[in-house]
Amino acid sequence: MVERLGAKGFMDELCKGFRVLMDKEREVITFESLKKNSAVLGLKEICDDELMSMLREGDLDGDGSLSLMEFCVLMFRLSPELMDGSRRWLEEAVVNGL
């Protein structure tokens, strides 16, 4: 996906995904916002325990929600194929001042 979109395009897509799932007032992904918006991701059948597990896995600071940075880190951790091209992506981002 990074190869197809480029570094900036890929980051834009991650940000769009985050905005779809986030609580609009708090600007983080909460359990409630994830549950409410999970159908957008095709996760209508997912149970509350699974949603909480997803949040806990990405919640690095322990506040019970996901910031944009935590969301991006989680997406990279859950997508090993993204890591394969991450060095090239990072170099491109640095060169282009992203």
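Here are a few friendly notes on this predicted model, going from the overall fold to single residues.

1. **Overall make-up.** The protein chain is helical in its secondary structure, with 6 helices and 0 strands. Read from the N terminus, the order of elements is α-α-α-α-α-α. Of its 98 residues, 36% count as buried.

2. **Contacts and surface.** If you take the contacts in the protein chain with a separation of 6 or more, 40% of them come from residues 24 or more positions apart. The chain exposes about 6600 Å², and carbon and sulfur atoms supply 55% of that area.

3. **The aromatic pair.** How many aromatic pairs does a search of the whole structure find? The search gives 1. The partners are Phe-18 and Phe-71, whose ring centres are 5.7 Å apart with the planes at 55°, so the pair is tilted. Phe-18 belongs to helix H1 and Phe-71 to helix H4 (residues 68–78), so the pair ties together parts that are 53 residues apart in sequence. Both Phe-18 and Phe-71 are buried.

4. **The buried side of H3.** Helix H3 is worth a look down its axis. Its buried residues are Leu-51, Leu-55 and Gly-58. Viewed along the axis of H3, these buried residues fall within an arc of 75°, so they line one face of the helix. What covers them includes helix H2 (31–37) and H4.

5. Which exposed residues does H3 carry on the face turned away from its buried side? They are Asp-49 and Arg-56. Arg-56 sits in H3, which spans residues 48–58. Why does Arg-56 count as exposed? Its relative accessibility is 55%, and the cut-off for exposed is over 50%.

6. **A nonpolar surface patch.** Turning to the surface, Val-20, Val-40 and Leu-41 form a nonpolar patch there, with about 260 Å² of accessible area together. Val-20 is located in helix H1 (residues 2–21). Is Val-20 buried, partly exposed or exposed? With a relative accessible area of 35%, Val-20 is partly exposed.

Conventions
Residues numbered from 1 in each chain as written. Predicted model: local features only at pLDDT ≥ 70, side-chain atom pairs only at ≥ 80, totals over all residues. Heavy atoms only, no water. Patch = residues over 30% accessible without salt bridge, like charges linked within 9 Å, V, L, I, M, F, W, Y side chains within 5 Å. Areas by Shrake-Rupley, 256 points an atom, 1.4 Å probe, with all protein chains shown as cover. Salt bridge = Lys/Arg side-chain N within 4 Å of Asp/Glu carboxyl O. Helix = DSSP H or I, 4+ residues; strand = E, 2+ residues; numbered from the N terminus. Buried < 20%, exposed > 50% of the residue type's maximum accessible area, 1.4 Å probe, protein only. Contact = heavy atoms within 4.5 Å. Phe/Tyr/Trp six-rings, centres within 6.5 Å; stacked < 30°, edge-to-face > 60°. Arc of directions from axis to C-beta.
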